[in-house]
Amino acid sequence: MRGVLRASDLRSARQGRRVRVAGMVITRQRPGTAKGFVFLTLEDETGVANIIVRPDLFARDRLTIVEEPFLIVDGVLQNQDNVTSIRAEQVFGMRGKDDIDFEAHDFY
């Protein structure tokens, strides 16, 4: 309904394709050596999706990225050496009327 691609389908998707993924945030990492980039891992029922967030997108949507337990991410698929990731262009929270609070493993 929202055009979300399952994590298990990312490996077969075309490099450079615009995709939308969704899932529970299981890790957030913002290492100082990454020049302000944020790395997220989302999990759905089929696997995990690695997300790369640019510093300007993080600055704009910081509260959503840091506080929402479930995210929808629109971005560009990157597949290099059998490692898939999505370079985020937009990030949305996915809270429903029955909020579920889940603590991710945050590294920042």
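Trainee: How many bridges join strand β1 to β2, and in which sense do the two run?

Mentor: Keep in mind that this is a predicted model. Strand β1 covers residues 18-29 and runs antiparallel to β2. The number of bridges joining β1 to β2 is five.

Trainee: What does β2 pair with over seven bridges?

Mentor: The pairing is antiparallel. Asp44 has Gly47 as its bridge partner.

Trainee: How many residues of β2 are buried?

Mentor: Strand β2 spans residues 38-44. Buried means under 20% relative accessible area. By that cut-off the strand is mostly covered, and its buried residues number five of seven.

Trainee: Which pattern does the chain follow along the sequence?

Mentor: Count the elements. The protein chain has two helices and six strands. One loop lies between helices α1 (55-60) and α2 (62-67) and holds Asp61. Read along the sequence, the pattern is β-β-β-α-α-β-β-β.

Trainee: Is Asp61 buried or exposed?

Mentor: Asp61 sits in the loop between α1 and α2. Its side chain joins that of Arg60 through a polar contact of 3.1 Å. The cut-off for buried is under 20%. Asp61 has 15% relative accessibility, so it counts as buried.

Trainee: Asp81 is in the loop between β4 and β5. Is Asp81 buried or exposed?

Mentor: The loop links β4 (70-80) to β5 (83-93). Asp81 is not a glycine, although its phi is positive, about 55 degrees. Exposed means over 50%. Asp81 has 75% relative accessibility, so it counts as exposed.

Trainee: What is the phi of Asn82?

Mentor: Asn82 also lies in the loop between β4 and β5. Asn82 is exposed, with a relative accessible area of 61%. It is not a glycine, yet its phi is positive, at about 65 degrees.

Trainee: What separates the C-alpha atoms of Ile72 and Val4?

Mentor: Ile72 lies in strand β4. Ile72 is buried, with a relative accessible area of 6%. Ile72 and Val4 are 68 residues apart along the chain, and their C-alpha atoms are separated by 8.1 Å.

Trainee: How far apart in space are Phe92 and Phe70, C-alpha to C-alpha?

Mentor: Phe92 is in strand β5. Leaving aside neighbours within four places in sequence, its contacts include Phe70, Leu71 and Ile72. Phe92 and Phe70 are 22 residues apart in sequence; in space, C-alpha to C-alpha, the value is 8.7 Å.

Trainee: Is Phe92 buried, partly exposed or exposed?

Mentor: Buried stops under 20%, and exposed starts over 50%. Phe92 has a relative accessible area of 33%, so it is partly exposed.

Trainee: Now the whole chain. What percentage of contacts between residues at least 6 apart join residues at least 24 apart?

Mentor: Start with burial: buried residues make up 41% of the 108 residues. The protein chain exposes about 6600 Å², and carbon and sulfur atoms supply 49% of it. Among contacts between residues at least 6 apart in sequence, the share that joins residues at least 24 apart is 55%.

Key: Residues are numbered from 1 along each chain as its sequence is written. This is a predicted model: local features need pLDDT of at least 70, side-chain atom pairs count only at pLDDT 80 or more; totals for chains, interfaces and linings use all residues. Side-chain values use heavy atoms; hydrogens and water are left out. Helices (H or I, at least four residues) and strands (E, at least two) are DSSP runs, numbered from the N terminus. Buried means under 20% relative accessible area, exposed over 50%, partly exposed in between (1.4 Å probe, protein chains only). A polar contact is a pair of N or O atoms within 3.5 Å; within protein, one must be able to donate a hydrogen and the other to accept it, and residues adjacent in sequence count only if both atoms are side-chain atoms. Two strands pair if DSSP finds at least two bridges between them. Contact means heavy atoms within 4.5 Å. Accessible areas come from the Shrake-Rupley method with a 1.4 Å probe; for residues, only the protein chains shown count as cover.
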